[in-house]
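Thanks for passing this one along. Here are some notes to read beside the model, in numbered points.

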Amino acid sequence: MVGFTELRAANFESWRESARTWRTTAGKLAELENTFRTGVNDGVEAAGWKGRAAGTADQDLEVTVRQIAVSASQAQTIGIAAERAASELPAIQTMFRAAIQEAETSGLRIVENPGGYTVQAAAPAGAAGNPTPADAARQQSAIDGFVARFDALLRQASEADAKFAATLATLMPGDVAETRLDAWQNSVEDTRRVAGLYGVGPVPTLDPAQTANWWRGLSDEQRALYLAAYPRRLGSMDGLPAAVRDTANRTALDQRLTELAPALAGGKSPDHDKREWENLTEIKKQLVAGYTRPPGRELLLLKFGDKFLDGQVIMSVGDPDKAKHVAVLVPGTGTTVAGNLEGGITRADRIRDTAVGLTDGKSGVASVFWLDYDAPEKKGIGSMAGWARSEEGAPRLDSFVGGVRAQGNDHHITVIGHSYGTALVGDAAKTGGLAADDIVALGSPGMHVKRAEDLKIDPGHVWADRSPAKLDEDQAVVDLGSAKHGTDKEPSIFGIVADAFVGSDDRVSPTDEAFGGKRLKGDADGHSGYWDTGGESLLNQGKIVAGMYNDPNPLNRPHVK
């Protein structure tokens, strides 16, 4: 219990300094962890050191990284709690001192003693020291009122002090010292317990618009606690600011790498964990490579996951919340995190750079590589011919685009699908929920609708391009793929075979005139040539992303047939 004299005389400046020190320490430890992981661990791997000694050293390195990571997490938790105490207790003290001054001004005297305090009358009540019963009653009522105020403030101070003490008690330094494999999970649980002490509970399940409003309604302190306690959950929440998701995901990514590392170093991991490690280390590699990017071209990690063996990732070039124009690129068959993230970022870069070159430079452009679905494999035709992968991923694309929209209704959003990715875009749009201003289909086998208007968007804002090359992969995808994807109901294998023999007018791709959209005149050299530097296909994408289709100069508009 905080005593009267303690609260009145306490100097909380040292608490404030302690809070600042803990937060600074947490930041430096996080930097050290990242430097150690990318500079030392990756350096050893790049050097090609193999064998028994290398395996032992690798385990020792991961133990060191885990110690640093857990220390950073706990330092951050203590810093948050210290900041709360350093702001809450001085505020209580200010009210306490004001009450003391008010009591003394009203003619009362406060006597402090080791056992507590008493409030007394400085002089007898009433005129000439002859109090009447009414005077004495009024004086006693005033004394009782101040005692009640003092006791209430002392209880508040004691509760705040107890919360801070509980924070320190709940942390487990042994997790760091003993380097247990469950140390990181224990640290996360500690942080969540601390958050709970301050009224910050589990993250609610909300739609993107509700999520945006929920976050705006939180205090800075609550946001910091949520970020510390639930980084993985926040990182995947559509509707949160992109910078918040990036911060949360970078923390969660390092947490997950730290969790996976011990078993992997010991060679005892299941195949799923090995694949996840490959995917996550590729994401980390790209983030590290992006450290030197200038503002406007920085990389933001908006989601990662392990729902599929090939991984999940959403990576943005530039902050979509700060950009007037936002492009969302949905890749197609054969795309994986480990094998294609770098190439996906390159494509997003080129789309953004082309659009920026066409604008006044003030509007801002962000370009997102969206791989939050299980893209079909190239081996065999089962997954690429089916609708299951696109239908399963479509709600997440709808939600993500809705989240971008929730951060600002003035965004001009263009969703660009490539190959099988166009089928997913079609599935997301045909329900009427995709909050896009323009849709672009590149090398599309079909969008699971028969007409552009079925995408629930003005057909004048549905654009399609295909490679002019003959007898190549693009022609096979567009012409043969339409047998499976160029309609609004998934056809059976018998229907496809019948169409092959007798023909059908019921199958259309977005580049067909009958589809009713804008047919772009591009020059892509093959199925993957839509982002060739200097090409007409890339220039058309840039013009659409920059919203130049209404430009007074026809030469500045997308080139259509």
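1. Which residue forms a salt bridge with Asp427, and how far apart are the closest N and O atoms? The partner is Lys430, and the closest N and O atoms are 3.2 Å apart. A salt bridge here is a side-chain nitrogen of Lys or Arg within 4 Å of a carboxyl oxygen of Asp or Glu. Asp427 is buried, with a relative accessible area of 6%, while Lys430 is partly exposed at 24%. Buried means under 20% relative accessible area, exposed over 50%, and partly exposed in between, with a 1.4 Å probe and protein chains only.

2. A word on provenance. This is a predicted model, in which local features need pLDDT of at least 70 and side-chain atom pairs count only at pLDDT 80 or more, while totals for chains, interfaces and linings use all residues. Residues are numbered from 1 along each chain as its sequence is written, and side-chain values use heavy atoms, with hydrogens and water left out.

3. Now the overall picture. The protein has 18 helices and 10 strands, taken as DSSP runs (helices H or I, at least four residues; strands E, at least two) and numbered from the N terminus. Of its 561 residues, 49% count as buried. Contact means heavy atoms within 4.5 Å, and among contacts between residues at least 6 apart in sequence, 72% join residues at least 24 apart.

4. Next, the interior. In soluble globular proteins, nonpolar side chains tend to be buried together. A nonpolar core is a set of buried Ala, Val, Leu, Ile, Met, Phe, Trp, Tyr and Cys residues joined through side-chain atoms within 4.5 Å. The largest one holds 76 residues, of which Ile283, Leu397, Val415 and Leu434 touch the most other members. Beyond its neighbours within four places in sequence, Leu397 is in contact with residues including Val328, Trp370, Val415 and Leu434. A second, separate core of 46 residues includes Val2, Ala19, Phe164 and Trp214.

5. Back to the charged pairs. The count comes to 28 salt bridges. One of them joins Asp246 and Arg250 at 2.9 Å, N to O. These two are 4 residues apart in helix α10 (residues 242–265), so about one helical turn separates them. Asp246 is buried at 11% relative accessibility, whereas Arg250 is partly exposed at 23%.

6. At 4% relative accessibility, Arg245 counts as buried. Leaving out residues up to four places away in sequence, Arg245 touches a set that includes Leu234, Met237, Asp238, Leu301, Lys303 and Phe400.

7. Finally, a helix pair to look at. The axes of α12 (residues 337–358) and α18 (residues 536–545) come within 8 Å and cross at roughly 65°. Axes are lines fitted to C-alpha atoms, for helices over the stretch in contact, with angles from 0 to 180 degrees between N-to-C directions. Among the residues that meet there are Ile351 and Leu358 in α12 and Leu538 and Val545 in α18.
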